[in-house]
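Biologist: I am new to this structure. Please show me how to read its features, one at a time.

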Amino acid sequence: MSPEATVDQLIQAAHTRATSDDPLDLLDAVLALTRDLSGRADAAVDQAVRQARDAGYSWTVIGERLGVSRQAARQRYADRVAQTPAAVGLIHGRDLEAGLSAALAAAEADHLAQAGTEHILLGLLTDGVAAAALEQLGVSRDKIQDASHRLFDYPAEPAHQGRPAFSAEAQAALAGAEQLATERTPACAPVAVTTPQLLAVIATNPGSRARRVLNDLGVDAADIKRLLHCYINVPRTPFGRRSRRGRPGKKQPDRCSFCGHARSEERRLVAGPDVWICSDCVARCGEILAQPADTGA
């Protein structure tokens, strides 16, 4: 296939994903497609390198094929192709399932064939930590809907009947949330994907439709990351959330077992059985517990 044909196909696919004929919408669609293709290309290279290593080829030989030195090949790919223990499973939390159902219902109410990330943003107000974070920043359903209808070209008359599907951008956001949850969950535990991971993905992607809505509402991505920090910033380790081992003979500072921050004058810690929790995480727990209890089955 010629390079020209490849570019033409990319532009054609972007036109299919774009919500209007506006060149900026087309640019957003092209950027989303190229990010998706770049990620798949990197994953393909990782898989090929893993197969070469499994077949017994040295880093020297692999580096020659990649056009880099043995050391560069090893530094770049050794951790990425290493076989790590598989997670016990991947599940969607009840808050996330409720949010995704609400997103599809919102797209259906807009008579759209696809639910975009702006509909996911709307759905995340249904329940859970993401809803609490958005409400704290003054984001409401009415504000999201008003901004979405100003920014995007929705049909004035019903143009689609039936249950919509998620757009390619929305599916990529959900995959990103699953990847984020996998990276931040102990390898020995089930991977639970909840609303904080999905909100973090769509709110920090500068080209997403959800991010454009948040920009219109004057919501800073840094504020969202700050509110979600305790839920998405726990590194994955083989046997637990955060390794408690330090170098022999050196006392490690006490750290919050949830967000990982060290004790300080501003951040006090409360001790539990082999765990710590900081004042910020205590406050966040209070906000969650203050929400109405879920009485569903």
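**Reading helix contacts and burial**

Modeller: Start with a meeting of two helices: Val129, Ala133 and Gln136 in H7 meet Leu227, Leu228 and Tyr231 in H12. Contact means heavy atoms within 4.5 Å. By class, the residues of this contact are five nonpolar, one polar and no charged. Ala, Val, Leu, Ile, Met, Phe, Trp, Tyr, Cys and Pro count as nonpolar, Asp, Glu, Lys and Arg as charged, and the others, Gly among them, as polar.

Biologist: What should I know about the model itself?

Modeller: This is a predicted model, in which local features need pLDDT of at least 70 and side-chain atom pairs count only at pLDDT 80 or more, while totals for chains, interfaces and linings use all residues. Residues are numbered from 1 along each chain as its sequence is written, and side-chain values use heavy atoms, with hydrogens and water left out.

Biologist: How many helices and strands does the chain have?

Modeller: The chain has 13 helices and six strands. Helices (H or I, at least four residues) and strands (E, at least two) are DSSP runs, numbered from the N terminus.

Biologist: How do I describe two packed helices?

Modeller: Use the angle between their axes and the distance between the axes. Axes are lines fitted to C-alpha atoms, for helices over the stretch in contact, and angles run from 0 to 180 degrees between N-to-C directions. The axes of H7 and helix H12 (residues 221–232) come within 10 Å and cross at roughly 160°. That makes H7 roughly antiparallel to H12. Angles under 35 degrees count as roughly parallel, over 145 as roughly antiparallel, 65 to 115 as roughly perpendicular and the rest as oblique.

Biologist: At what angle do the axes of H7 and H10 cross?

Modeller: Helix H7 (residues 128–136) and helix H10 (residues 195–204) have axes that cross at roughly 50° and come within 6 Å. H7 is therefore oblique to H10. On the H7 side, Gly128, Val129, Ala130, Ala133 and Leu134 take part; they meet Thr195, Pro196 and Leu199 in H10. This contact has six nonpolar, two polar and no charged residues.

Biologist: How do I find the buried face of a helix?

Modeller: An α-helix has 3.6 residues a turn, so residues three or four places apart point the same way. Take helix H3 (residues 59–66): its buried residues are Trp59, Ile62 and Gly63. Buried means under 20% relative accessible area, exposed over 50%, partly exposed in between (1.4 Å probe, protein chains only). Seen down the axis of H3, the buried residues fall within an arc of 100°, so they line one face. The arc is that of the directions from the helix axis to the C-beta atoms. Exposed Glu64 and Arg65 sit on the face turned away from the buried side of H3. Gly67 follows H3, with a positive phi near 80°.

Biologist: Is Glu118 buried or exposed?

Modeller: Glu118 counts as buried because its relative accessibility is 2%. Glu118 lies in helix H6 (residues 117–123). Beyond its neighbours within four places in sequence, its contacts include Ile144, Phe152 and Arg209.

Biologist: Where does Gly93 lie?

Modeller: Gly93 is in the loop between strand E1 (90–92) and helix H5 (94–109). At 14% relative accessibility, Gly93 is buried too. Its C-alpha atom is 6.1 Å from that of Ala192, 99 residues apart along the chain.

Biologist: And the chain as a whole?

Modeller: Buried residues make up 35% of its 297 residues.
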